Amino acid sequence: MPPAAADIGVDPLSQGDLEIETYRVVRSDGSFDAERVPDLDDEDFRDLYRWMLLQRIYDERATKLQRRGRLGTIASGHGQEASIIGSGYALSRDDWIFPYGREAGALLLHGLSMRDLLLYWRGIEDASRMEGANVFGMAISIGSHIPLATGKAWGLELDGEDAIAFANLGDGATSTGAFHEGLNFAGVLGVPAVFFCQNNQYAISLPFDEQTNAETVAQKALAYGVDGIRVDGNDVLAVYNAVSTARERALEGTPVLVEAVTYRRSAHTTSDDPTRYRSGDEVDEWEERDPLARYRAFLERTGRWGAIDEDAIREEVESEFDEAVDAADAVEERGIEELFAYLHEEMPPELERQLEELRDLLEERPDMYEFIEQRPKG
């Protein structure tokens, strides 16, 4: 039998020894810490509200399109607008965003067209190119993009670029092997990367405290020698400050893991029924912390709200969405030659022969088109 335990001075390190602040600028009632308000001009303060409203309207309209069979399964950012827009607003257009599916507003803010974003959710392969913006394709496989963000950040450093790789992820992704590999590699190399976890309290249907025993996501940074920041994810100014600071640290050679504490008020995706795993009272409680209402209260307290015409913004965004839908609908159907065109840099003779053979068959038997699904091309 082993000897009885004795007090021999072995003091294990416990997470209870850590004190992790949740950084905040604006409180739920609109009151704020004046010393923490970012140095933005009035137009920027108003622009933040417009982008948050755009995110909400986009999610509402995209969900309706999906219900009508005009989009595939989508993931809404309803309730997470402050995290999405506050982080996106803090980035440079030279930075590279690695999205995880909910951050439509940040991608549009970064230069992606709304038409292409809609085409992506229609399953159009070309839309995955994310043309016109430094944006990688969506990481549908949870956490899979995190090592890629580390690799891209390493490449940016090797090329001497003044830019970072910015990976969006949910709290569930922090329980994947790819998360730990990506952060460990980032810490070892000291790459310019920021890992932005939107902790919306659920990994699909699993509550945060059931998929990890860590009290916070931010503390996980310490295991890999990177910085950790925990921020109120429903406070757009706090998120802006946190990500701005994280970006600066990353450019100096210290990667940062930012945990934005927020809440997903909608379903995980349009294929999900959240009433099966959470209560209405919980949703109502978080609705009282609504990020748009909180930021509006701040704008009212600081005398900036009077210059904002919310109805005009809504009308403008609705019109922008309508135009994007029309543009997506107008995209031409792809031709049968695309079955062969992208397999090689130059089409080899054998594929040219097969293409001509198929063309001849369709000319001779036009009824064969009935068996060909021609999806739109982005």
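**Surface patch, buried arginine and nonpolar cores**

Leu158 counts as exposed because its relative accessibility is 63% (exposed, over 50%; buried, under 20%; partly exposed, in between; 1.4 Å probe, protein chains only). The model is predicted: local features need pLDDT of at least 70, side-chain atom pairs count only at pLDDT 80 or more, and totals for chains, interfaces and linings use all residues. Residues are numbered from 1 along each chain as its sequence is written, and side-chain values use heavy atoms, without hydrogens and water.

Leu158 lies in helix α5 (helices are DSSP runs of H or I, at least four residues; strands are E runs of at least two; numbering starts from the N terminus). With Trp154, Phe185 and Val188, Leu158 forms a nonpolar surface patch of about 420 Å² accessible area (Shrake-Rupley, 1.4 Å probe, only the protein chains shown counting as cover). Patch residues have over 30% relative accessible area and no salt bridge, with nonpolar side chains joined within 5 Å (salt bridge: Lys or Arg side-chain nitrogen within 4 Å of an Asp or Glu carboxyl oxygen). Helices α5 (146-158) and α6 (177-189) each supply at least two patch residues.

Arg294 lies in helix α10, residues 291-301. Arg294 counts as buried because its relative accessibility is 4%. Its contacts (heavy atoms within 4.5 Å) include Asp232, Asp235 and Arg289, leaving aside residues up to four places away in sequence.

The largest nonpolar core has 73 residues (buried Ala, Val, Leu, Ile, Met, Phe, Trp, Tyr and Cys joined through side-chain atoms within 4.5 Å). Tyr58, Leu117, Leu237 and Tyr295 have the most contacts inside this core. Helix α1 (residues 42-67) gives the largest share, 11 residues. A second, separate core of 21 residues includes Ala165 and Leu257.

How values were computed: Patches are made of residues with over 30% relative accessible area and no salt bridge: like charges are joined within 9 Å, nonpolar side chains (Val, Leu, Ile, Met, Phe, Trp, Tyr) within 5 Å.
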